Amino acid sequence: CIIMTDKISKSPNIRINKVYTRTGDGGKTRLVGGVERYKDDPRVEAYGSVDELNSQIGLCRELLRQTGREEFDDLISYLKIIQNELFNLGTQLASIDDARSAELPHLPGDAVEKLESEIDSANEVLSELKSFVLPGGSVLNAQFQITRNVCRRAERRAVSLSKNERVAPENIRYLNRLSDALFVWSRWVSHFLGDEENLWEPNK
């Protein structure tokens, strides 16, 4: 089980000593602080989608690494930062206690601005789009597009949750901007691999 101490800080003391506990066999799980919720609860759906997004980004990193291309080194490193930020974001979504949330890991204050800077930098080498892009052209392009789709779903889940419960606005902004970045990176990767973009041709 994953045990978090009562005194939660921005560097929580986490101990994992058992993978299964049987406590979730009845369809419920515990949020940070011990509150029980059903596993299809909107809050659990939100942080669960962020967890899935984190895994998809991990696959993006590994596929980039397998190319052996030096051009991708900075992106590989930045995606690792994003994985940590998503874990922080998910931790925030897993808490309903404002006071407790303030002591939990959270997004850096400039996280969204950093994403915007990375988007602008990648866009500098890309041609202007004249149609929508169809996923494909390479496994990497398709994987980044899949990851973008999962990011959009995580954003939708967070928005749905925010209609009835507290969600920090910066967390939704981050997911929105990350989905934009993933789209741009899908094109940027294709550019450096020399793969032709698949564009939507509505009359075909």
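**Figure 1. Overall architecture of the predicted model.** The secondary structure consists of six helices and six strands. Along the sequence these elements follow the order β-β-β-β-α-α-α-α-β-α-α-β. The protein has 204 residues, 39% of which count as buried. The accessible surface amounts to about 11,800 Å², and carbon and sulfur atoms account for 49% of that surface. When contacts between residues at least 6 apart in sequence are considered, 71% join residues at least 24 apart. The structure contains nine salt bridges; the views below show some of these pairs.

**Figure 2. The salt bridge between Arg 43 and Glu 165.** The closest N and O atoms of Arg 43 and Glu 165 are 3.2 Å apart. Arg 43 belongs to helix H1 (residues 42-67), whereas Glu 165 lies in the loop between helix H5 (139-162) and helix H6 (169-193), so the pair ties together parts that are 122 residues apart in sequence. The two partners also have their accessibility classes assigned. Arg 43 is buried, at a relative accessible area of 1%. Glu 165 is partly exposed, its relative accessible area being 25%.

**Figure 3. The salt bridge between Lys 114 and Glu 118 in helix H4.** The side chains of these residues, Lys 114 and Glu 118, meet at an N to O distance of 2.9 Å. Both residues lie in helix H4 (residues 111-123); because Lys 114 and Glu 118 are four residues apart there, about one helical turn separates them. Lys 114 is partly exposed, with 38% relative accessibility. Glu 118 is likewise partly exposed, and its relative accessible area is 23%.

**Figure 4. The salt bridge between Arg 152 and Asp 180.** The side chains of Arg 152 and Asp 180 meet with an N to O distance of 3.3 Å. This pair links distant parts of the chain, with Arg 152 in helix H5 and Asp 180 in helix H6, 28 residues apart. Arg 152 is partly exposed, with a relative accessible area of 28%. Asp 180 is also partly exposed, with a relative accessible area of 29%.

**Figure 5. The salt-bridge network of Arg 152, Glu 155 and Asp 180.**

Notes. Residues are numbered from 1 along each chain as its sequence is written. This is a predicted model: local features need pLDDT of at least 70, side-chain atom pairs count only at pLDDT 80 or more; totals for chains, interfaces and linings use all residues. Side-chain values use heavy atoms; hydrogens and water are left out. A salt bridge is a side-chain nitrogen of Lys or Arg within 4 Å of a carboxyl oxygen of Asp or Glu. Helices (H or I, at least four residues) and strands (E, at least two) are DSSP runs, numbered from the N terminus. Buried means under 20% relative accessible area, exposed over 50%, partly exposed in between (1.4 Å probe, protein chains only). Contact means heavy atoms within 4.5 Å. Accessible areas come from the Shrake-Rupley method with a 1.4 Å probe; for residues, only the protein chains shown count as cover.
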